[in-house]
Structures are given as structure tokens and as C-alpha cells.
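Welcome, and please open the model in your viewer. We will go from stop to stop, selecting as we go.

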Amino acid sequence: LAETSVGLVCNSLARNQACYGNRIVSVDFQPGSSLVFQQSGDTVDLLEVKRLQTSALDQLTHNWGIAVLKAQANLPDALPGENVTFLLFGDTTIDNPSPDMRAVTVSTRIGSVDCTDAPESAVLIQSPTGSQVTMNLNGADVTLGSTAYLTAEESKQMTFAVVEGTGVITSGGTTRIVIPGMQVNIPLGGTDGLQAAGVPSNPEPFDYDKIKLAPLKLLDRPIDIDNPGGTQETNISTPVSVITTTPIPTEAACTPRTDWGYRYVIQSGDNLSIIALRLNIRTADLQAGNCIADPNRLIAGQSINVPRAVATNTPRRPTATPTPISIEPIGPNLRADINPIGYRDCTIIRWDVDNIKEVYFEGQPVIGHDSRQVCPTGTTTYTLLVILADKSQRTYSITITVQATCGNDICESGEDSYTCPSDCYVIG
């Protein structure tokens with residue numbers, strides 16, 4: 001019943017929105033919000049949601065909570081129809097969902113279910129075809145070019161399983177590549193018992209009988225777990241984890257070099273030799289320093305440790321004739337999701353710039369289509385430095401205005417000892 005309802009009412013969900021799949025879903029909105037989430041088909045913007053929770057199986061109605069979230073993550077604005085999809089079901093909670101999904105916490109409670117056909121509580125995550133998305137889940141960095149199944153039990157462990165495609169997960173300085181039919185486990189701890197507190201385990205086969213019960217048909221790109229690639233001959237009684245067209249790499253315990261204090265994000269077209277050349281180090285040293293088992297299996301969006309900062313390049317658009325070196329940049333369309341903001345609030349600064357050699361945000365190397373979350377305590381100007389192909393520089397800036405708020409220990413314009421005595425107290 002729940003699957004049918006969600007498929008009908010959440011089909012037209014837009015980017016950076018959440019859809020109320022059925023009546024056993026609860027939502028905590030951000031302070032000051034007047035929105036309600038009452039019936040199947042209701043949608044809200046992710047920025048309005050503080051926490052969303054679906055419910056476990058109702059034994060009387062044989063129904064269970066389902067909700068759908070669609071986020072932009074790191075996908076460029078130029079692709080409005082492409083999103084990363086989060087499908088929550090069972091007794092599952094997601095805290096702090098946001099358009100970029102950079103600091104999300106997921107919790108699933110695994111309890112006894114009398115109905116053998118009901119799935120356990122979990123989250124399905126799917127990226128668009130041909131795209132990799134990056135996010136931070138429970139303190140672990142995740143790059144996904146596929147469909148993943150995730151559970152996170154408080155003070156126990158988070159399990160990250162890949163149903164199709166490839167996933168990369170990093171925690172505690174260790175990175176694991178996860179291929180279809182495999183999973184890794186990360187211990188959870190911290191003050192809420194839900195933050196990554198160790199390194200990912202070596203990949204192991206996932207529980208086929210458990211994952212095949214998940215509502216995979218509700219995803220934007222339905223997955224047949226018995227034939228995830230569409231070409232393999234698979235027996236339904238055989239777990240997909242043992243039927244692969246490529247060998248499963250075996251990884252010894254390895255920790256990337258901690259004395260390399262910079263992170264570089266792999267871009268489309270990169271390989272270790274190119275990156276090593278730009279760093280002036282040996283390719284073998286770069287591979288060993290990041291515990292990379294197979295240098296031919298780098299994934300765009302994956303991050304590695306490097307000994308110094310490496311500015312990223314934005315590829316130029318192909319042209320029929322050579323492009324003059326003085327070509328003008330396209331962009332940068334520097335903007336903020338929310339501006340002005342309240343005191344102690346945050347916003348996301350975004351940019352999209354092409355036809356350039358390098359780009360830096362606040363002095364740190366970034367890519368041409370990217371974003372950063374900022375949480376200024378006062379009105380602050382942020383700078384994007386663009387270096388063109390001829391090595392000339394362009395500077396762009398955006399000012400995030402923090403509105404005056406009584407209680408921030410600053411006596412600001414419009415406040416006095418009568419309207420805001422806590423900030424504008426009189427001595428003597």
C-alpha cells in the first residue's frame with residue numbers, strides 16, 4: 001500500500017524538495033517555519049526541514065512509512081532535471097537534509113518484523129545516470145555513481161552497500177571502493193552515537209535476501225537486483241555479490257599518509273600520472289600514499305591526499321578551431337542560497353565558471369562548478385579568484401549580510417540600552 005501511494009503522489013517531486021509519501025511520516029521544520037506536512041503528496045523545500053522520520057511497519061494496516069527527498073548535491077545548476085534521490089522507509093530518520101547534503105545524519109532502527117515480505121528500515125540513495133554525486137553522511141565522505149543501500153544503527157555501525165554502479169567512502173583517513181554486491185561497515189559513536197568513529201571495513205558481500213525486499217522500484221531508475229547491469233545471466237537463488245564481470249579487489253589494511261595535509265578531488269579525465277606530474281612526485285608514491293589498489297579505477301568526485309595544494313582545472317568547451325588564449329571566462333554566476341541570513345545561521349555560496357585555468361574560493365583550490373557552506377557571525381565578504389588561460393586574474397566577490405540580532409553581544413545600529421539591554425548595557 002505504501003509503495004503504491006508513494007509512486008503515485010511523489011512522481012513529480014522537484015529538485016531540493018521532500019515528498020510526504022504516506023500518513024506515517026513526521027517532520028520537524030526549521031524554527032519559525034509555518035509549513036505543515038499532513039497528507040500524501042505534500043512537498044516542502046529541503047531548507048525548511050530540520051528532521052524527517054518515517055515509521056516502522058504497522059502490523060494492523062500492513063503499511064509503513066516512506067518519504068522521498070531529491071537534492072542537487074554537487075550537480076551543476078545547468079542540469080535541473082537531475083538529482084540525487086533519497087528514499088527513506090521503515091523506522092528511519094534523516095537530520096539536517098540540505099540541497100548539498102554535506103552534513104547529513106541518518107539513523108535506522110532495526111527491529112523485529114513479523115511480516116517476512118516487509119523490508120528492514122533503511123535508506124536507498126541513487127545518483128543520475130552518468131553522474132557522480134558527493135555528500136557527507138554521518139561524518140563519512142561518500143562519492144556515489146550508482147545506487148546504494150544504507151543503514152545506521154546508533155552506537156553500532158553504518159553499513160554502506162552498493163546495488164549497482166560504484167561507491168567510494170572515506171572515514172578515519174581510509175578510503176574504500178565498493179562495487180555492486182558488496183558492502184562496508186563503519187563503527188558509529190560520538191555524542192549522538194551516529195558519527196563515523198573508525199575506518200571502513202574491507203568490502204564484503206551484502207545480504208542479498210535483505211536488500212531484495214527494499215522498494216527498489218520506487219527509484220527514478222528502477223533496479224533489478226537479480227540483474228543490476230542488465231546483461232548478466234543471474235539465478236534468483238544466487239546473491240548478486242558473487243556474480244561480477246570484474247575481479248573484486250582485495251585490500252590490506254592501509255592508511256593514507258597523514259603528513260599530506262591537502263585533499264584533491266578527482267575530476268573527469270584525471271589519472272594518477274597527470275596528478276603526480278603536477279605535484280612533481282612519482283606516480284607510485286602518490287598511489288602508495290593513498291592506498292590505491294587499482295590506479296585505473298579512479299572515480300570523478302573521489303578525493304585523495306596530496307602533499308600540497310593542487311588547483312583544479314575546468315575543461316574548456318570543445319571548439320572546431322583552436323581557442324585564443326585570451327578567451328573570456330563564462331560565469332562565474334557567484335550567488336548565495338539565502339542572503340541576508342540571521343545571526344548564527346548558514347547559507348550556501350555557489351558558482352559556475354568555465355573557460356578558465358584555475359579557480360580559488362577564499363584562497364583554497366576548488367572546481368569551476370562547486371559550492372561551499374558558510375556560517376559568518378557578522379556581515380562578511382567572500383572572494384572567488386579566477387585565473388584565465390593567459391594567467392591573468394579576475395576577482396569576484398559576494399557579501400553575506402548578517403542581520404542584526406539582539407543577543408549577539410554586539411550593540412549594532414538600531415539597538416540601544418532600551419531595545420536590547422543585553423548588547424547595549426550602560427556601565428555605571
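Before the first selection, a word on terms: two strands pair if DSSP finds at least two bridges between them. Strands themselves are DSSP runs of E with at least two residues, numbered from the N terminus. The model is a predicted one, in which local features need pLDDT of at least 70 and side-chain atom pairs count only at pLDDT 80 or more, while totals for chains, interfaces and linings use all residues. Residues are numbered from 1 along each chain as its sequence is written, and side-chain values use heavy atoms, with hydrogens and water left out.

**Stop one: an open sheet**

Select residues 380–387, which form strand β24, and then 393–400, which form β25. These two strands pair in the antiparallel sense over eight bridges. Now widen the view to the open sheet of four strands, whose order is β22-β21-β24-β25 with antiparallel pairing. Which are the edge strands? They are β22 (364–365) and β25, each of which pairs on one side only. In general, strands of a sheet pair through backbone hydrogen bonds, either parallel or antiparallel.

**Stop two: T147**

Next, select residues 140–152 to show strand β11, and pick out T147 within that strand. Is T147 buried or exposed? T147 counts as buried because its relative accessibility is 0%; the cut-offs are under 20% relative accessible area for buried, over 50% for exposed, and partly exposed in between (1.4 Å probe, protein chains only).

Show the side chains of Q126 and E164 as well. The side chain of T147 makes a polar contact of 2.9 Å with that of Q126, and another polar contact, at 2.6 Å, with the side chain of E164. A polar contact here is a pair of N or O atoms within 3.5 Å; within protein, one must be able to donate a hydrogen and the other to accept it, and residues adjacent in sequence count only if both atoms are side-chain atoms. Leaving aside residues up to four places away in sequence, T147 also touches others, including I125, V163, L219 and I223. Touching, or contact, means heavy atoms within 4.5 Å.

**Stop three: a loop residue**

Move to Q30, in the loop between β2 (25–29) and β3 (43–45). Q30 counts as partly exposed because its relative accessibility is 28%. Beyond residues up to four places away in sequence, Q30 touches L47, E48, V49 and K50.

**Stop four: salt bridges**

How many salt bridges are there? The count comes to 13, a salt bridge being a side-chain nitrogen of Lys or Arg within 4 Å of a carboxyl oxygen of Asp or Glu.

- R257 is partly exposed at 38%, whereas D259 is exposed at 51%.
- R282 and D285: this salt bridge has its closest N and O atoms 3.0 Å apart. R282 is exposed at 55% and D285 partly exposed at 34%.
- D209 and K212: their side chains meet in a salt bridge of 3.8 Å, N to O.

Finish by selecting D100, R102, D370 and R372, which are linked in a network of salt bridges.
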